[in-house]
Structures are given as structure tokens and as C-alpha cells.
Amino acid sequence: MDEIEQSPLFEEAITSCHYFWQAGWGEFHAGNLTYLLDDDEVAELSKYFSHNPVKVPVEFDTCGLEGRYFLATRTGGSFRTLPQRVARDMGIIRLGAGYYEILWGYDNGEGRPTSELPSHLLCHVARLASNPENRIVMHVHPTYINAMTTLAPLDSHEFTRALWSLNSEGIVVFPEGVAVLPWMVCGDGPIGPATAEKMSDKRVVIWPYHGIFAAGKGFDEVIGLIETIEKCAQVYVSVNGAPKHCITNEELRSLADHFGLVADI
Ligand SMILES: [Zn+2]
């Protein structure tokens, strides 16, 4: 184990990601996390940073976050095995204009951060404008929230009202409500900017038939948000019937086209 893994930040990040797998919300390669380091964390961890960092050019906008440091999970990583493979499935990057540098992790820079990084950065910018203390953007696949998107109206106001109405804690924990996007192809397309736009005044954005993006100051806040919404959704699903809508064949074809898949739809 690398010494860096025993730092409080790494211990919390590893424990949190593994908890999401244990909860059944981070299956296989699902789930990704980005965490904006503050100056004290950069100072504490910098002794572990590579003196010859791998520099990776990017085509996406680094959104004015140049010079900022992020802890990020790896593309193709696994929350299940993360505790045994931290130096493979996590890393620290520093953003520059049109590039990032890998300062630690991803198998000594051989791997790359989550493919959702462009979406995460847009979300960080949106949340930082609303709350300068925002540090985390997290994406996972909570089961009952996904199930609820097949039952409830895919409208932010109505979906929020449904969640609030099922547990007194709901409105207390997320008084600003949740945003619900229409179904969109996931990945590096328009779903990222659409998510970030919703995050200008919401900490939670739900992707129908897929999962949740949640943001906050710390791990406790983000985990608490997701747990509370998942509990409300579990009650909703428990008292409602069969799915009313789900991914259509046409939408499945657009997914297959986007990812270059051969599937008999
Ligand atoms: Zn996902």
C-alpha cells in the first residue's frame, strides 16, 4: 500500500466508493468521483506527486479550473476492488489550459481519469458558482431511484414533490429539490452540459433509467443526499405498480450507435 492511501482524504474517498459498491449502486465499472483538493490537502499530499508527471492534452474546456487539483477515479476502474487497487483506480491530476497532468496514480500515469471528467468539471464550475465550498461531484446508479424513473413523471417539480411526499426527511435534506433530465445518450455528448446547467441551483441531477449526479461540500453530505433520495424512491417503488415508461428501442439504437455496439434490438 502506498503511504498516500493512509491520508484522511484517501481513506474517506476509498471508504465512500466501496460503500457505494456494497450498497449495490456501483456495479462493474459504474460510478465515478471527482474531488477538488484545497490548498492544505495539496500541501499535505504534494510530497507524493511525480516530479515527471504524464501530461495529457484534452479537447474539452477546462472551464477556468486551470491550476486546480482533483482526486478522480479511473476510467474502467471498479468500486468493488478499489481498496485493493488504489494506485491503479485512483489518481490526482492538475488541470492546465488544454491539458492535465497526472501527479499520482492510474498505474503511474498509464491509465486515465473517468471518461466523465468533462461533465464533472462543468458540474464543479456550476456548483462552485453557487457554493465556493463545493468539493465533490459523484455519479452512481442507485437501484430504486432508477426504478422510480420508470414510474414517476420525468419532470423535476413533480419528481421532487413525489420524493418529498413519501418521507418527512426529504424536504429537510434536499429543500432545493432535484432536477430530472430527459433520457439522453450518456458519455461525452450533450448530457454533460445539460447536467451542469441543472447543477447551477441543484445538488442532485437524475438521469432517467441510469443514475444520479450529486454534489456537495464533503462525503457525508453527498452520501446523505443520495441515501435519503434512494430511501424516498424505495418507498415510491414499493407502493406503485409496474413500469409506465422505460428506454425505448429507438433510444437503445442511439446508445448502440454511440458506443459502436452490435446488438439485436
Ligand atoms: Zn453511469
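Guide: What follows is a set of questions about the terms used here and the values behind them, and it should be kept in mind throughout that this is a predicted model.

Visitor: What makes Cys 63 count as buried?

Guide: The relative accessible area of Cys 63 is 17%, and the word buried applies under 20%, so Cys 63 is called buried. Cys 63 lies in the loop between strand 2 (54-57) and strand 3, and its phi is near 65°, a positive value in a residue other than glycine.

Visitor: Is Tyr 209 buried or exposed, and how do you know?

Guide: Tyr 209 has a relative accessible area of 18%, and because the cut-off for buried is under 20%, Tyr 209 is buried. Its place is in the loop between strand 8 and strand 9, where its phi, near 60°, is a positive value in a residue other than glycine.

Visitor: Why is strand 4 said to pair with strand 3?

Guide: Two strands pair if at least two bridges are found between them, and strand 3 (residues 69-73) and strand 4 have 5 bridges in the antiparallel sense, so the two strands meet the condition for pairing. In one of these positions, Leu 71 has Ile 92 of strand 4 as its bridge partner.

Visitor: How do you know that strand 4 also pairs with strand 5?

Guide: Strand 4 and strand 5 (residues 99-105) are joined over 6 bridges in the antiparallel sense, and because at least two are required, these strands also count as a pair. Leu 95 stands opposite Tyr 100 in strand 5. The two strands form a hairpin with 2 residues between them, and Gly 98 in the turn has a positive phi of about 85°.

Visitor: What makes strand 4 mostly covered?

Guide: Of the 7 residues in strand 4 (residues 90-96), 6 are buried, and each residue described in that way has under 20% relative accessible area.

Visitor: Which parts of the chain do the buried residues of helix 9 pack against?

Guide: The buried residues of helix 9 (residues 191-198) are Ile 191, Gly 192, Ala 194, Thr 195 and Ala 196, and they pack against helix 5 (117-130), strand 8 (204-207) and strand 9 (211-216).

Visitor: Why is the space beside Ile 191 called a cavity?

Guide: A cavity is a set of points where a 1.4 Å probe fits but cannot get out, and the second largest cavity, with a volume of about 30 Å³, is lined by Pro 182, Trp 183, Met 184, Ile 191, Trp 207, Pro 208 and His 210. Its lining divides into 6 nonpolar residues, 1 polar and no charged.

Visitor: What lines the largest cavity, and how do its residues divide?

Guide: The largest cavity, of about 40 Å³, is lined by Gly 31, Thr 73, Arg 74, Gly 77, Ser 78, Phe 79, Leu 82 and Asp 89.

Visitor: What makes the largest pocket a pocket rather than a cavity?

Guide: A pocket is an open set of points, whereas from a cavity the probe cannot get out, so the name pocket marks this space of about 400 Å³ as open. Of its 22 lining residues, the closest to its centre are His 29, Ala 30, Asn 32, Ser 115 and Glu 116, and the whole lining divides into 4 nonpolar, 14 polar and 4 charged.

Notes. Residues are numbered from 1 along each chain as its sequence is written. This is a predicted model: local features need pLDDT of at least 70, side-chain atom pairs count only at pLDDT 80 or more; totals for chains, interfaces and linings use all residues. Side-chain values use heavy atoms; hydrogens and water are left out. On a 1 Å grid over the protein atoms alone, a cavity is a set of points where a 1.4 Å probe fits but cannot get out, and a pocket is an open set with protein on both sides within 12 Å along at least five of seven lines; lining residues have an atom within 4 Å of a point. Grid points are joined across faces, edges and corners, and a volume is the space filled by probe spheres set on the points. Ala, Val, Leu, Ile, Met, Phe, Trp, Tyr, Cys and Pro count as nonpolar, Asp, Glu, Lys and Arg as charged, and the others, Gly among them, as polar. Buried means under 20% relative accessible area, exposed over 50%, partly exposed in between (1.4 Å probe, protein chains only). Helices (H or I, at least four residues) and strands (E, at least two) are DSSP runs, numbered from the N terminus. Contact means heavy atoms within 4.5 Å.
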